[in-house]
Amino acid sequence: MNRRGKTFIVSGPSGVGKSTVLRALFQGRDDLYFSVSATTRPPREGEVDGKDYHFITADRFRSMIEEDAFLEYAEYVSTFYGTPKKYVDEAMDAGKDAILDIEIQGAAQVSAKRPDTVRIFIAPPSWEELERRLTARGTDTPEKIQKRLLRAKVELDSASGYDYFVINDTVEQAVEELRAILLAEHCRPAERMDLICNR
Ligand code: ADP
Ligand code: 5GP
């Protein structure tokens with residue numbers, strides 16, 4: 001059975017564990033495509049250019065905006081982030097689900113352009129735990145951590161507009177819930193009817 005992939009957005013406060021959970025979800029899955037964003041922030045220790053992000057200059061970012069190369073882009077804590085459109089479309093045409101780890105402004109842009117996008121919000125088990133994770137990650141200055149925590153409050157407020165809400169208490173449970181969401185979304189009548197009608 002041939003099917004076109006779907007787009008799934010995963011949003012949630014910085015430090016909640018999106019990268020960790022998505023890394024675990026992608027294990028052994030060649031039916032999923034992780035959308036590698038472009039960003040103007042410098043790489044963190046261990047981050048690989050082209051795998052975690054495309055690390056680009058502000059000038060290059062502006063050119064990509066002019067070339068209409070982004071499906072969406074946004075400014076988040078004084079840094080630009082954007083989703084290159086081309087690879088997402090290629091992956092979906094190849095039948096893969098595209099997973100976008102993006103913040104709430106970008107998520108709103110994608111939903112407006114592509115209403116069939118599925119939006120998943122990942123929340124921390126508590127506020128204290130979010131602060132603990134952000135601090136334990138050790139990648140941001142105390143000032144940056146405070147900015148990210150302030151932003152997290154705004155993000156949590158918009159979570160009710162999402163389709164699904166996953167609490168990242170343990171990574172295993174969060175991954176299981178993500179797998180279930182992806183599977184369920186491919187059982188919607190429109191897709192299934194289309195498949196049997198086009199056999
Ligand atoms: P994000 O991508 O949302 O910014 P990360 O994946 O970088 O978050 O995770 C932030 C920190 O929290 C990392 O140090 C990670 O190891 C830790 N972490 C992620 N998920 C969990 C969890 N379920 N329990 C405990 N620690 C976690
Ligand atoms: P970080 O700097 O911690 O990797 O990411 C900060 C925030 O930017 C996270 O909420 C992440 O989801 C978001 N983000 C990453 N890539 C993109 C993107 O391409 N577009 C948008 N709008 N947000 C992104």
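In this predicted model, the largest pocket is the space taken by ligand 1. Ligand 2 also sits in the largest pocket. The volume of the largest pocket is about 1200 Å³, and its lining comprises 41 residues. Those nearest the centre of the largest pocket are Lys-18, Ser-19, Thr-20, Arg-23 and Asp-101. Two or more lining residues come from each of helix H1, strand E5 (70–76), strand E6 (79–84), helix H5 and helix H6 (142–157). Of the elements that line the largest pocket, H1 gives the most, with six residues. By class, the lining of the largest pocket consists of eleven nonpolar, 14 polar and 16 charged residues.

The surroundings of ligand 1 were examined next. Ligand 1 is surrounded by 14 residues, of which Gly-15, Lys-18, Ser-19, Thr-20 and Arg-137 are the closest. Helix H1, which spans residues 18–26, and helix H5, which spans residues 127–137, each supply at least two residues of the shell around ligand 1. The contribution of H1 to this shell is the greatest, at three residues. H1 therefore gives the most both to the shell around ligand 1 and to the lining of the largest pocket, where helices are taken as DSSP runs. In terms of residue class, three nonpolar, seven polar and four charged residues make up the shell around ligand 1.

Polar contacts of ligand 1 involve both backbone and side-chain atoms of the protein. A polar backbone atom of Lys-18 lies 2.8 Å from an oxygen atom of ligand 1. In the side chain of Ser-19, an N or O atom is 2.7 Å from an oxygen atom of ligand 1. A nitrogen atom of ligand 1, in turn, is placed 3.5 Å from a polar backbone atom of Val-171. Ligand 1 exposes 570 Å² when taken alone, and 76% of that is buried by the protein.

For ligand 2, the shell contains 18 residues, and the closest of these are Ser-37, Tyr-53, Glu-72, Tyr-81 and Asp-101. Strands E5 and E6 each supply at least two residues of the shell around ligand 2; both strands also give two or more residues to the lining of the largest pocket. The shell around ligand 2 divides into five nonpolar, six polar and seven charged residues.

An N or O atom in the side chain of Arg-41 is 2.7 Å from an oxygen atom of ligand 2. The side chain of Glu-72 places an N or O atom 2.7 Å from a nitrogen atom of ligand 2. Asp-101 has a polar side-chain atom 2.6 Å from an oxygen atom of ligand 2. On its own, ligand 2 has 510 Å² of accessible area, and the protein covers 96% of this area.

The second largest pocket has a volume of about 310 Å³. It is lined by 15 residues, and Arg-4, Gly-5, Lys-6, Asp-116 and Glu-191 are the closest to its centre. Helix H8, residues 189–197, gives the most to the lining of the second largest pocket, with four residues. Three nonpolar, five polar and seven charged residues form the lining of the second largest pocket.

Asp-68 is a residue other than glycine with a positive phi, near 60°, and is found in the loop between helix H2 (58–66) and strand E5. Val-77, likewise a residue other than glycine, has a positive phi near 45°. Val-77 is placed in the loop between E5 and E6, the strands that each supply at least two residues of the shell around ligand 2.

Conventions. Residues are numbered from 1 along each chain as its sequence is written. Chains are lettered from A and ligands numbered from 1 in the order in which they are written. This is a predicted model: local features need pLDDT of at least 70, side-chain atom pairs count only at pLDDT 80 or more; totals for chains, interfaces and linings use all residues. Side-chain values use heavy atoms; hydrogens and water are left out. A residue is near a molecule or strand if one of its heavy atoms lies within 4 Å of it. A polar contact is a pair of N or O atoms within 3.5 Å; within protein, one must be able to donate a hydrogen and the other to accept it, and residues adjacent in sequence count only if both atoms are side-chain atoms. Accessible areas come from the Shrake-Rupley method with a 1.4 Å probe; for residues, only the protein chains shown count as cover. On a 1 Å grid over the protein atoms alone, a cavity is a set of points where a 1.4 Å probe fits but cannot get out, and a pocket is an open set with protein on both sides within 12 Å along at least five of seven lines; lining residues have an atom within 4 Å of a point. A molecule sits in a cavity or pocket if more than half of its atoms lie within 2 Å of its grid points. Ala, Val, Leu, Ile, Met, Phe, Trp, Tyr, Cys and Pro count as nonpolar, Asp, Glu, Lys and Arg as charged, and the others, Gly among them, as polar. Grid points are joined across faces, edges and corners, and a volume is the space filled by probe spheres set on the points.
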